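Here is a short walk through one protein fold. Keep the coordinates open as you read.

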Amino acid sequence: MPHVHEFGIIDSIEEIKDDIRYDPEKYGCITVDGDFLDDLCATDFGKKIDNLQTFAHSTDRPYNNLCYFGITLIPPNSHAYFLKIVREANDVYKSEELENLMKKIDEAIKRNKWMIHFGD
């Protein structure tokens with residue numbers, strides 16, 4: 001299995017509070033190459049992603065950053081910041097994967113939905 005990060009949108013956070021499973025199709029996930037994200041995290045992007053307010057594996061475990069091995073839940077109040085730092089990275093890298101991630105974040109903003117991240 002390749003080293004990837006998958007990002008999707010949760011229709012109802014209430015439905016998964018107690019039972020979160022790896023199911024990228026259910027959440028309409030897009031994929032970002034893990035090596036590419038690792039390279040990004042070695043830049044200024046890595047310092048910025050450390051300030052992204054998230055939850056690790058469940059809604060009762062506040063966290064900052066993405067869980068690289070497991071599930072991260074990204075609440076709606078973090079989307080604007082997430083979009084900003086991904087956009088800044090894409091200004092430098094001009095990546096189709098980052099373009100797709102920005103579209104996914106924008107969709108979550110418009111729908112006011114939580115995002116889910118699966119690290120491998």
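The paragraphs below go from the sheet to a helix and then to the cores.

This is a predicted model. Strands of a sheet pair through backbone hydrogen bonds, in either a parallel or an antiparallel way.

Now take two of the pairings. Strand 1 (residues 4–9) runs antiparallel to strand 2, and four bridges join them. Across this pair, valine 4 stands opposite aspartate 33. Strand 5 (residues 71–74) and strand 6 (residues 115–119) are also antiparallel, again over four bridges. Here isoleucine 74 has methionine 115 of strand 6 as its bridge partner.

Strand 2 spans residues 30–33 and has two faces. Ile30 and Val32 are on the covered face. Thr31 and Asp33 are on the uncovered one.

Which residues of helix 2 (residues 34–41) are buried? They are Gly34, Phe36, Leu37 and Leu40. These residues cover an arc of only 160° around the axis, so they lie on the same side of helix 2. An α-helix has 3.6 residues a turn, so residues three or four places apart point the same way. What covers the buried residues of helix 2? The cover includes strand 1 and strand 2. It also includes helix 3 (44–49), helix 4 (79–93) and helix 5 (96–111).

Next, the nonpolar interior. In soluble globular proteins, nonpolar side chains tend to be buried together. The largest nonpolar core here has 23 residues. Phe7, Phe45, Phe82, Val86 and Leu101 have the most contacts inside it. Strand 1, strand 2, helix 2, helix 3, helix 4 and helix 5 are the elements that each give two or more residues to this core. Apart from this core lies another, of twelve residues, among them Ile20, Phe55, Ile71 and Leu73.

Finish at phenylalanine 7. Leaving out residues up to four places away in sequence, phenylalanine 7 touches Ile30 and Val32, among others. Its contacts also include Phe82 and Leu101, two of the residues with the most contacts inside the largest core. Met115, Ile116 and His117 are touched by phenylalanine 7 as well.

Terms used
Residues are numbered from 1 along each chain as its sequence is written. This is a predicted model: local features need pLDDT of at least 70, side-chain atom pairs count only at pLDDT 80 or more; totals for chains, interfaces and linings use all residues. Side-chain values use heavy atoms; hydrogens and water are left out. Buried means under 20% relative accessible area, exposed over 50%, partly exposed in between (1.4 Å probe, protein chains only). Two strands pair if DSSP finds at least two bridges between them. The arc is that of the directions from the helix axis to the C-beta atoms. Contact means heavy atoms within 4.5 Å. A nonpolar core is a set of buried Ala, Val, Leu, Ile, Met, Phe, Trp, Tyr and Cys residues joined through side-chain atoms within 4.5 Å.
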